[in-house]
Amino acid sequence: MKIKKYLAAGMVCCMILLLFAGCGRKKPEIPVKIQAGIIVYNQSDVFLGELVTCLRQQFEELGSGDLEITVMVRDAAGSQRTQDDQVRELIDMDCNVLCVNLVDRADPSEIIDLARENDVPIIFFNREPVAEDMMQWEKLYYVGADARQSGQMQGELAADAIEADELIDRNRDGKIQYVVLEGEPGHQDAIIRTESAVDTLKSRNISLEKSGTGIANWDRAQAQNRMQQLLSQYPNQIEMVLANNDAMALGAIDAYHKLNYTETALPVFFGIDGTEAGLEAVIDGRLAATVYNDRKGQAQAIAKLAVAAVTGMGMSDIVFENEKYIYLPYQKVTDENVREFLY
Ligand code: BGC
Ligand code: CA
């Protein structure tokens, strides 16, 4: 009996000792592993496809030292329900940080609830949630770019081209007949890019006459379709095409080729993004200019922030706007500097 008591007392002492030893030991600063889940609204989107490639590279680079990083990518293929399920799945698979490109930027509540319940920080990117949703939890961040700046730059590039080349005004009526190809309605980049591009042209005293607008949801094939319709309404009358992104600008060019317009009968085309195909088109002169949407810088910021959000490492070096936003600047791309953007 006595022996048992001594034994029990001894065990309790050992446990207390172990407990203290445990408390005294410094917590490891880096968790063993970073498991990043990346979910994209639609991977057939050209810009997003290229951004995800950059993001994989960035994680690979950061993971080559002491950190072990694994990355899992999911494509929501345009469905918010699918995306919500993918968030659940990735959290179940022990992802400890999520990079989310929302399908519906007005509907992130379910994702935010899931992340908060499991204490998994989220970095939203490219499709910006509204401010009230971003306030729901302190571990929500956003990485993107300022839409107004891209529209302004597109407007300036177009104004420069029009001032430099009087032949752009083909019918010599002193006005530029133009069409706009717009991205997805409700996307923070679509309306603002259009408005600020047109306002910038007007502020440069360029007289404009709008022939039409087409919504083509960022997509090359849809833009081609819409442009063909516009051309059947205004054959040979359009002098400039402003597209909210490169894919749609290239779709508009496809329409002219499909309808057998000769090179000399083409209007000037302006895009935004500087995708690989967009940059190629600037090099060979099919696009007059584009605006670089800094996918590499965005990917770098997302990857750094993901590591910081999990480990705390490097968080104090990150410069935020309003504590949780990072906006990378756009840059103008013309045939003079386009080669700087190729890599
Ligand atoms: C890009 C588009 C892209 C869209 C997707 C925009 O910022 O310019 O090319 O389709 O984001 O959300
Ligand atoms: Ca004209």
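This is a predicted model: local features need pLDDT of at least 70, side-chain atom pairs count only at pLDDT 80 or more; totals for chains, interfaces and linings use all residues.
Six strands form an open sheet in the order 2-1-3-4-5-11, paired in parallel. The edges are held by strand 2 (69-75) and strand 11 (325-327); each has a single partner strand, so one side of each has no neighbour in the sheet. From one strand to the next, the twist averages 15°. Seven bridges join strand 1 (residues 34-40) to strand 2 in the parallel sense, and Gln-35 lies opposite Thr-70 of strand 2.

Two helices that pack on this sheet deserve mention. Helix 3 (residues 80-92) touches strands 1, 2 and 3, its direction making about 170° with that of strand 1. Helix 4 (residues 109-118) touches strands 3, 4 and 5, and makes about 155° with the direction of strand 4.

The largest nonpolar core has 86 residues, of which Phe-59, Phe-124, Val-143 and Met-227 touch the most other members. Helix 11 (residues 295-311) is the largest contributor, with eight residues. Domain 1 (33-145 + 294-328) and domain 2 (148-292) both supply residues, so this core lies between them. Beyond its neighbours within four places in sequence, Phe-124 contacts residues including Val-100, Ile-112, Met-134 and Val-143. A second, separate core of 23 residues includes Ile-162, Ile-176, Tyr-178 and Met-240.

Finally, which residues supply the protein donors of the calcium ion (ligand 2)? They are Asp-169, Asn-171, Asp-173, Lys-175, Gln-177 and Glu-239, with donor atoms 2.2 to 2.5 Å from the ion. Lys-175 donates through O. The sequence spacing of the donor residues is D-x1-N-x1-D-x1-K-x1-Q-x61-E. Asp-169 is buried, at 11% relative accessible area, whereas Lys-175 is partly exposed, at 34%.

Notes
Residues are numbered from 1 along each chain as its sequence is written. Chains are lettered from A and ligands numbered from 1 in the order in which they are written. Side-chain values use heavy atoms; hydrogens and water are left out. Donors are N, O and S atoms within 2.8 Å of the metal (3.2 Å for Na, K and Ca); water is not among the atoms, so sites may look incomplete. Buried means under 20% relative accessible area, exposed over 50%, partly exposed in between (1.4 Å probe, protein chains only). A nonpolar core is a set of buried Ala, Val, Leu, Ile, Met, Phe, Trp, Tyr and Cys residues joined through side-chain atoms within 4.5 Å. Helices (H or I, at least four residues) and strands (E, at least two) are DSSP runs, numbered from the N terminus. Domain bounds come from an automatic or database domain assignment. Contact means heavy atoms within 4.5 Å. Two strands pair if DSSP finds at least two bridges between them. Axes are lines fitted to C-alpha atoms, for helices over the stretch in contact, and angles run from 0 to 180 degrees between N-to-C directions.
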